[in-house]
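Biologist: I have not looked at this one before. Can you walk me through it?

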Amino acid sequence: MCIRDRAYALEYANKGNVRAAIAMADIEYSSGCENSSLAWMRKAEELSKNNVEGKIYLSSAYRRGLGDGDAIHRAKKSIGLLEEVAEAGNVPVIIEMYENYMLGLNGVQKDLERARYWAKKARAAGFDIEI
């Protein structure tokens, strides 16, 4: 779903849609309203607590520069959310975590031990990944 209209995003954000809350944060940030953007990101964080898909969208928003803190802080928050999602068994995110640690991507230090951990999880889910 592509959310372009502020009124539409606002309606669905107020109904508890994580993507719409992030869209509102993006709209407010682009309009120069940083405090309002941060408030919408806090709303998105709250909405995504028990929402695996929401955590993926929130992680992406942090990578794009939305949310509080500097880039390093946001990268750590992003990776933390992705680790939660991967631990919950989301195979595409398990593979992403493997790649992050294998190659040192997305603010993560290259770590072969962690890469092996995620490779084992991917193999347990039926994917052939080698280190």
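This is a predicted model: local features need pLDDT of at least 70, side-chain atom pairs count only at pLDDT 80 or more; totals for chains, interfaces and linings use all residues.

Biologist: What does Tyr 117 form with Trp 118?

Modeller: An aromatic pair of the edge-to-face kind, with 4.9 Å from centre to centre and 85 degrees between the planes.

Biologist: And Trp 118, buried or exposed?

Modeller: Buried, because its relative accessibility is 0%, and the cut-off for buried is under 20%.

Biologist: How many aromatic pairs does the structure hold?

Modeller: Two. One of them is Tyr 8 with Tyr 12, which counts as tilted because the planes are at 45 degrees; the ring centres are 4.7 Å apart.

Biologist: Which helix do Tyr 8 and Tyr 12 lie in?

Modeller: Both are in helix α1, which covers residues 6-14. Tyr 8 and Tyr 12 are four residues apart, or about one turn of the helix.

Biologist: How does Tyr 8 count by accessibility? And what about Tyr 12?

Modeller: Tyr 8 is partly exposed, with 29% relative accessibility. Tyr 12 is partly exposed as well, with a relative accessible area of 28%.

Biologist: What sits over the ring of Tyr 12?

Modeller: The charged end of Lys 15, at 4.9 Å from the ring centre. There is also Arg 114, whose charged end sits over the ring of Tyr 101, 5.5 Å from the centre of that ring.

Biologist: Switching to the whole chain. How many helices and strands are there?

Modeller: Seven helices and zero strands. Along the sequence the pattern reads α-α-α-α-α-α-α.

Biologist: What does the C-alpha trace span?

Modeller: About 45 × 30 × 20 Å along its principal axes.

Biologist: How much of the chain counts as buried?

Modeller: 36% of the 131 residues. The protein chain exposes about 7600 Å², and carbon and sulfur atoms supply 49% of that area.

Biologist: What about contacts between residues at least 6 apart in sequence?

Modeller: Of those contacts, 39% join residues at least 24 apart.

Biologist: Last topic, charges. How many positive and negative ones are there, and where are their mean positions?

Modeller: The protein chain has 19 positive and 19 negative charges. Their mean positions are 1 Å apart.

Technical notes. Residues are numbered from 1 along each chain as its sequence is written. Side-chain values use heavy atoms; hydrogens and water are left out. Helices (H or I, at least four residues) and strands (E, at least two) are DSSP runs, numbered from the N terminus. Buried means under 20% relative accessible area, exposed over 50%, partly exposed in between (1.4 Å probe, protein chains only). Contact means heavy atoms within 4.5 Å. Accessible areas come from the Shrake-Rupley method with a 1.4 Å probe; for residues, only the protein chains shown count as cover. Lys and Arg count as positive and Asp and Glu as negative; His and the chain ends are not counted. The place of a charge is taken as NZ of Lys, CZ of Arg, CG of Asp or CD of Glu. Rings of Phe, Tyr and Trp (its six-membered ring) pair if their centres lie within 6.5 Å; planes under 30 degrees apart count as stacked, over 60 as edge-to-face and the rest as tilted. A charge sits over a ring if NZ of Lys or CZ of Arg is within 6 Å of the ring centre and within 35 degrees of the ring normal.
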